[in-house]
Amino acid sequence: MTKEILFYLGHPAHFHLFKHVITDLQSKGNRIFILIKKKDILEELLEKSNMQYLNILPEGRKDNKIGLALGLIKRDFRLFSFCLSNRPDLMVGTSVEIGHVGSLLRIPSINVNEDDANVVPLYSKLTYPWATHILSPTVCYNGKWERKSVKYQGYHELAYLHPEHFKPSQTIAGNYLDTSKSYYLIRFAKLTAHHDTGIRGISDELAQKIIKLLEETGNVYISSERPLPAAFEKYRIAVNPLDMHHIMAFASLYIGDSQTMAAEAGVLGVPFIRFNDFVGRIGYLNELENKYQLGYGIKPDKPKELQEKVLELIKMPDRMEVFKKRRQAMLNEKINTAKFIAWFIQNYPASVEIMKKQPEFQFNFR
């Protein structure tokens with residue numbers, strides 16, 4: 001049975017999470033609506049992929065309490081208006097408003113999230129009470145909303161970086177840098193979202209020390225959401241956002257204060273070092289670091305430990321082979337997240353009962 005399904009995207013990472021899911025569902029005859037809010041390079045990703053969408057908050061919002069509240073009210077109202085006119089059978093996304101509007105119009109909503117409830121407490125309180133179901137990795141703890149959660153053995157990043165979906169191209173990476181030489185990728189996040197309040201990352205002073213260490217054995221490239229000091233501009237790399245994962249896949253090491261890019265490096269088998277106050281608090285990253293040993297989380301009050309770990313990794317003689325094996329061990333136990341989510345949506349709500357009674361069914365989507 002075909003459906004009319006609304007996907008609501010609120011962040012560039014959501015484009016990657018759902019792009020293969022949407023293609024799969026469209027191939028089965030479903031009608032797809034894509035609604036978004038303005039956020040960083042989200043529109044650019046959709047446009048470069050020739051995906052049709054409607055931006056319901058083109059003016060954006062301010063990252064303060066009043067801006068957050070006004071932005072949410074506007075998005076709720078505009079999403080409500082759209083759904084009144086189009087009446088989708090189901091809404092899917094990682095944003096607050098699909099639950100609000102879904103409850104009012106009696107449209108089921110599936111919230112797809114991988115951050116533990118205590119890491120994003122405001123988001124959880126505004127979202128989960130109204131979501132029909134929450135779809136998240138097994139290691140994600142959804143607090144008092146566990147009862148409406150459906151868990152799977154995977155990560156968001158395996159929806160687009162699973163080997164069935166992504167084949168790293170050295171040719172594409174070579175359009176931006178010399179892949180015949182070792183190179184290191186550093187990422188600076190903005191850390192300005194509401195859940196980032198009080199969160200520290202890599203300071204410019206510490207970054208300078210890291211760069212000095214790395215330059216002894218390879219080239220250094222920086223990707224940054226925040227403004228860079230003039231001294232760092234020579235390291236900045238300008239990339240078509242659709243090509244970034246090809247560059248990451250051939251890096252010798254990733255260092256950053258971004259959660260998502262650390263996880264992306266990990267599932268690609270590229271050793272990562274994550275340096276921020278979220279270390280130890282996020283289930284899926286803890287698993288990548290502690291169970292599969294694909295990366296390392298270091299808190300900002302230990303800058304010397306960060307420098308020591310950088311030296312340890314760049315001097316590791318069999319690093320590529322070690323991390324390749326660790327990645328394979330992870331892939332052996334995880335599923336293709338995109339294939340699973342597409343099945344779950346296509347067969348919803350029957351898929352909820354199947355997962356409750358036969359959780360092993362998910363392993364058909366390895």
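Phe344 counts as buried, because its relative accessibility is 0%, buried meaning under 20% relative accessible area, exposed over 50% and partly exposed in between, with a 1.4 Å probe and protein chains only. This is a predicted model, in which local features need pLDDT of at least 70 and side-chain atom pairs count only at pLDDT 80 or more, while totals for chains, interfaces and linings use all residues. Residues are numbered from 1 along each chain as its sequence is written, and side-chain values use heavy atoms, with hydrogens and water left out.

**Aromatic rings and charges**

- The structure holds 16 aromatic pairs, where rings of Phe, Tyr and Trp (its six-membered ring) pair if their centres lie within 6.5 Å, and planes under 30 degrees apart count as stacked, over 60 as edge-to-face and the rest as tilted.
- One of these pairs is formed by Phe344 and Tyr348, which is tilted, with 5.9 Å centre to centre and 55 degrees between the planes.
- Tyr348 is buried, with a relative accessible area of 9%.
- Phe344 and Tyr348 belong to a cluster linked by ring pairs, together with Tyr152, Phe340, Trp343, Phe361 and Phe365.
- The charged end of Lys309 sits over the ring of Tyr296, 4.1 Å from its centre; the criterion is NZ of Lys or CZ of Arg within 6 Å of the ring centre and within 35 degrees of the ring normal.
- Arg326 lies over the face of Phe323, at 4.7 Å from the ring centre.

**Overall fold**

- The protein has 14 helices and 12 strands, taken as DSSP runs numbered from the N terminus (helices H or I, at least four residues; strands E, at least two).
- Its radius of gyration is 20 Å, close to the 21 Å that the globule rule gives for 366 residues, so the protein is as compact as a globular protein of that length; the radius is taken over C-alpha atoms, and the rule is 2.2 Å times the number of residues to the power 0.38.
- Along the principal axes, the C-alpha atoms fill a box of roughly 60 × 45 × 40 Å.
- Of the 366 residues, 57% count as buried.
- Among contacts (heavy atoms within 4.5 Å) with a separation of 6 or more, 63% are between residues 24 or more positions apart.

- In strand E8 (residues 183-188), six of six residues are buried.
- Tyr183, Leu185 and Arg187 cover one side and Tyr184, Ile186 and Phe188 the other, and all are buried.
- E8 pairs with strand E9 (residues 219-224) in the parallel sense over six bridges, pairing requiring that DSSP finds at least two bridges between two strands.
- Ile186 has Ile222 as its bridge partner in E9.
- E8 also runs parallel to strand E10 (residues 253-256), with four bridges joining them.
- The bridge partner of Leu185 in E10 is Tyr254.

**Helix H9**

- Nine of the 10 residues of helix H9 (residues 259-268) are buried, including Met261, Glu264 and Leu268.
- The buried residues of H9 pack against E8, E10, strand E11 (272-275) and helices H8 (244-249), H10 (283-291) and H12 (319-333).

**His156**

- His156 is placed in the loop between strand E7 (149-152) and helix H6 (170-174).
- His156 counts as buried, at 9% relative accessibility.
- Leaving aside neighbours within four places in sequence, His156 is in contact with Leu17, Val112, Asn113 and Glu114.
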